[in-house]
Amino acid sequence: MLFHPASLSSAPYVRKLPPGRRTRAWYGVAALGIATAGAVLTAWLVCSVQCSQVCDYAAGVITTVALDVGETLISDDRVWAGWADWLGVRRHTVSALVGAVVAQGRDNADALRQLRPGLDVAAAYEAREAAGRGEELTETDLYEDVRPALAALRAAGLRVVVAGNQTIRAAGLLRALDLPVDLIATSGEWGVAKPEAAFFDRLVQEADATPDQVVYVGDHPANDLFPAVAAGLRTAHLRRGPWGHYWADDPAVVAAADWRIGSLEELLPIVGH
């Protein structure tokens, strides 16, 4: 509260004083009022700064953990084994070629094109489905830490989203596993895939959050880590699967990732409130 001089001069205890002392008292009370006003102003400024800091902190508090699928939640062993069987080659051959394209930073599907140059992977996928040899996904494909880690994140009040580069069919298979998550979505359903910026824009929209309130967890630097950082999300690079292990200590990965983890169970101590 600020003091007006007129209110001070009419104060009862000032009027009772002799004129000389009344003047000195007026100045004393005025000085007190000014000092009080200064204290109030200082307090207001401090409060404003602190409130601003709190608001900035709240804007960056993680509310959502979003996770990739392949080699983050599920092992891709069945995926590559299925392709080896379909193409009529040894499973070890496909595994070795996958390792080669990972080391070269190329698209995973290039491993199949090494075996069948010019292969239309999308058409081959449809042919497998038509022959009853398409995608499968069961509890045994999940990594052991998936259910306990996701359940712990939800119990801590975090929104948990699964969003990766999978087909519409894969989305249905994932939902059938009844994972402890709030949302499952795939690129096939959204019509846009990683590393496109629109994928991460849609993810943030679905999370009902700001980008810096979402942490994206994945193994693939080019598909998961770098584009998520570019979109303003927080990131956790997972050392899992060929991509996760091979690129884990790459300087660009180390510099870009907010966190580097070896298990999903490391997430809660990092992002938990």
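**Close-ups of a predicted model**

View 1. The structure has 4 aromatic pairs. One of them joins Trp-190 to Phe-199: the ring centres are 5.2 Å apart and the planes meet at 55 degrees, so this pair is called tilted.

View 2. Phe-199 is buried, with a relative accessible area of 0%. Its ring also pairs with the ring of Phe-200, with 5.3 Å between the centres and 75 degrees between the planes, so here we get an edge-to-face pair. Phe-200 is buried too, at 0% relative accessibility.

**View 3. Two arginines over aromatic rings.** Look for Arg-128 here: its charged end sits over the ring of Trp-83, 4.7 Å from the ring centre. Now find Arg-240, which lies over the face of Tyr-143, with 4.2 Å to the centre of that ring.

**View 4. Helix α8 and its buried face.** Helix α8 runs from residue 146 to 155, and its buried residues are Val-146, Ala-149, Leu-150 and Leu-153. If you look down the axis of α8, these buried residues fall within an arc of 95 degrees, so they line one face of the helix. Here's the handy rule behind such a pattern: an α-helix has 3.6 residues a turn, so residues three or four places apart point the same way. What do the buried residues of α8 pack against? They pack against β1 (64–67), β2 (159–164) and α15 (267–271). After α8 comes Gly-157, which has a positive phi, near 90 degrees.

View 5. Val-253 belongs to helix α14, which covers residues 251–256. Is Val-253 buried or exposed? Val-253 is buried, with a relative accessible area of 0%. Skip the neighbours within four places in sequence, and you'll find Val-253 in contact with Pro-221, Leu-225, Phe-226, His-237, Trp-247 and Ala-248. Take Leu-225 from that list: 28 residues separate Leu-225 from Val-253 in sequence, yet their C-alpha atoms are 7.6 Å apart in space.

Notes
Residues numbered from 1 in each chain as written. Predicted model: local features only at pLDDT ≥ 70, side-chain atom pairs only at ≥ 80, totals over all residues. Heavy atoms only, no water. Helix = DSSP H or I, 4+ residues; strand = E, 2+ residues; numbered from the N terminus. Buried < 20%, exposed > 50% of the residue type's maximum accessible area, 1.4 Å probe, protein only. Contact = heavy atoms within 4.5 Å. Phe/Tyr/Trp six-rings, centres within 6.5 Å; stacked < 30°, edge-to-face > 60°. Lys NZ or Arg CZ within 6 Å of the ring centre and 35° of its normal. Arc of directions from axis to C-beta.
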